[in-house]
Amino acid sequence: FSYGRAIAKMDRSRRTFTIAAIAKELKKPVSLISRLVGSVPVRLPPPSTDELDIGLCLRFVGRNLVVPGYCRAVLDSGKIGGGTNVCGAKDGGSRSEGKTLFVFSEKALKLCE
């Protein structure tokens with residue numbers, strides 16, 4: 001039994017949440033949580049030309065980058081972890097198979113509170 005397999009098994013046993021599940025738990029709109037866990041650039045007032053990022057930066061969709069321990073990219077097969085159904089569509093409708101989903105740990109959920 002390899003060390004890598006043991007780590008992968010431990011990681012799969014942890015509870016994970018989709019953005020929709022976090023939004024439901026916190027009673028906030030999905031769009032707000034989606035922005036919060038990503039990048040939220042804010043321009044400072046003139047005369048400054050600086051931009052500040054106030055998002056949590058846990059995931060970057062375009063680059064498939066994540067913060068380990070807080071977020072994980074998974075291939076959507078219709079189920080995650082212990083059989084929890086997931087849906088990649090924003091409206092709760094049908095999802096496209098093979099789409100990359102981002103799931104978040106309980107640590108990420110606590111950051112969003």
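Visitor: Why is Arg-43 called exposed?

Guide: Exposed means over 50% relative accessible area, buried under 20%, and partly exposed in between, with a 1.4 Å probe and protein chains only. Arg-43 has 70% relative accessibility, so Arg-43 counts as exposed. A caution on the model: it is predicted, so local features need pLDDT of at least 70 and side-chain atom pairs count only at pLDDT 80 or more, while totals for chains, interfaces and linings use all residues. Residues are numbered from 1 along each chain as its sequence is written, and side-chain values use heavy atoms, leaving out hydrogens and water.

Visitor: What makes Glu-51 and Arg-43 a salt bridge?

Guide: The term requires a side-chain nitrogen of Lys or Arg within 4 Å of a carboxyl oxygen of Asp or Glu. The closest N and O atoms of Glu-51 and Arg-43 are 3.6 Å apart. That is within 4 Å, so the pair qualifies. A search of the whole structure finds one salt bridge.

Visitor: Why is Leu-52 called partly exposed?

Guide: Leu-52 has 46% relative accessibility, so Leu-52 counts as partly exposed. Leu-52 is found in strand β2, residues 51-53. Strands here are DSSP runs of E with at least two residues, helices are runs of H or I with at least four, and both are numbered from the N terminus. The chain has four helices and eight strands.

Visitor: What makes the nonpolar surface patch?

Guide: Val-42, Leu-44, Leu-52 and Ile-54 make it, with an area of about 320 Å². Patch residues have over 30% relative accessible area and no salt bridge; nonpolar side chains (Val, Leu, Ile, Met, Phe, Trp, Tyr) are joined within 5 Å, like charges within 9 Å. Areas come from the Shrake-Rupley method with a 1.4 Å probe; for residues, only the protein chains shown count as cover.

Visitor: Which residues of helix α2 are buried?

Guide: In α2 (residues 19-26) they are Ile-19, Ile-22, Ala-23 and Leu-26. They cover an arc of only 100 degrees around the axis, which puts them on the same side of α2. The arc is that of the directions from the helix axis to the C-beta atoms. Lys-24 and Glu-25 are exposed, on the face turned away from the buried side.

Visitor: What covers the buried residues of α2?

Guide: The cover includes α3 (30-37), β3 (59-60), β8 (100-104) and α4 (106-112). Contact means heavy atoms within 4.5 Å. Ile-33 touches Ile-19, Ile-22, Ala-23, Leu-26 and Lys-28, not counting residues up to four places away in sequence.

Visitor: Which members of the largest nonpolar core touch the most other members?

Guide: Of its 14 residues, they are Ile-22, Leu-26, Ile-33, Val-37 and Phe-104. The largest share of this core, four residues, comes from α2. A nonpolar core is a set of buried Ala, Val, Leu, Ile, Met, Phe, Trp, Tyr and Cys residues joined through side-chain atoms within 4.5 Å.

Visitor: Why is Ser-105 called buried?

Guide: Its relative accessible area is 16%, so Ser-105 is buried. Ser-105 lies in the loop between β8 and α4. Not counting residues up to four places away in sequence, Ser-105 touches Arg-15, Phe-17, Gly-69 and Tyr-70.

Visitor: Is Asp-76 buried or exposed?

Guide: Asp-76 has 3% relative accessibility, so Asp-76 counts as buried. Asp-76 is found in the loop between β5 (71-75) and β6 (79-80). The C-alpha atoms of Asp-76 and Thr-100 are separated by 5.8 Å, with the two residues 24 apart along the chain.
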